[in-house]
Amino acid sequence: MKKTKKLVLAALLAALICVSTLIITVTLPGGGYFNLGDCFVITSGVVLGPLFSFLAAAIGSALADIISGYALYAPATFVIKGLMALVVGFICLKNKKMLNVFISGFLAEIIMLIGYFLYELMLNGFSLAILGVAGNALQGVVGVVSSFALILLLTKNKAINKFITQ
């Protein structure tokens, strides 16, 4: 895929990540929420590869934090979501089989769980950090399942599949 096309697709995915994080959300008791942002974070890794997906995921997710009033989390989100996409991008770079998509998505969500736990630990201490683990685990499950389903649907379309596997 040419760099210009990748850049445009990265911008589109950053926007999808931001919008799906802001709009398609379910608030959890005790604060926090889960959303479909991770669906597009993982999808960006599969479609764009490591570098461009890192940028799309990091920028789109951090922007969503800033817009939604969670600016304190934006630096951590930038790094965590970027690393998630980077891992997926590296694992799926040469082989975009669904097993690799699932494994890389699972590993990406482990990064998310550990990353936010450590950030919360640094900000608020252990008792508050541990409270976020269940919500983040739910976020991880939603992210893996939804991205797996989306990529499976996209690969069934011949025109889109050709574009994705370039």
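**View 1. Buried residues of helix α3 in the predicted model.** Pro50, Phe52, Ser53, Ala56, Ala57, Ala58, Gly60, Ser61, Ala62, Ala64 and Asp65 of α3 are buried. The structure is a predicted model. Helix α3 covers residues 50-67, and its 18 residues should span 26 Å at 1.5 Å a residue; the end C-alpha atoms are 26 Å apart, which agrees. After α3 comes Gly69, with a positive phi near 90 degrees.

**View 2. Packing of helix α1 against helix α2.** Helix α1 (residues 3-23) and helix α2 (residues 37-48) have axes 8 Å apart and pack at an angle of about 165 degrees. This angle makes α1 roughly antiparallel to α2, since angles over 145 degrees are classed that way. The two helices cross in a left-handed sense. From α1, the contact takes in Lys6, Leu9, Ala10, Leu13, Leu16, Ile17, Ser20 and Thr21; from α2, Gly37, Phe40, Val41, Ser44, Val47 and Leu48. Nine of the contact residues are nonpolar, four polar and one charged.

**View 3. Packing of helix α4 against helix α5.** The axes of helix α4 (residues 74-91) and helix α5 (residues 98-124) lie 9 Å apart, at an angle of about 160 degrees. α4 is therefore roughly antiparallel to α5. The crossing of α4 and α5 is right-handed. Residues of α4 in the contact include Ile80, Leu83, Met84, Val87 and Ile91. Among their counterparts in α5 are Leu107, Ala108, Ile111, Met112, Gly115 and Tyr119. The contact of α4 with α5 comprises 13 nonpolar, five polar and two charged residues.

How values were computed:
Residues numbered from 1 in each chain as written. Predicted model: local features only at pLDDT ≥ 70, side-chain atom pairs only at ≥ 80, totals over all residues. Heavy atoms only, no water. Axes fitted to C-alpha atoms, helices over the stretch in contact; angles between N-to-C directions. Helix = DSSP H or I, 4+ residues; strand = E, 2+ residues; numbered from the N terminus. Parallel < 35°, antiparallel > 145°, perpendicular 65-115°, else oblique. Left-handed = near helix turned anticlockwise from the far one by under 90°. Contact = heavy atoms within 4.5 Å. Nonpolar A, V, L, I, M, F, W, Y, C, P; charged D, E, K, R; others polar. Expected span 1.5 Å × (residues − 1). Buried < 20%, exposed > 50% of the residue type's maximum accessible area, 1.4 Å probe, protein only.
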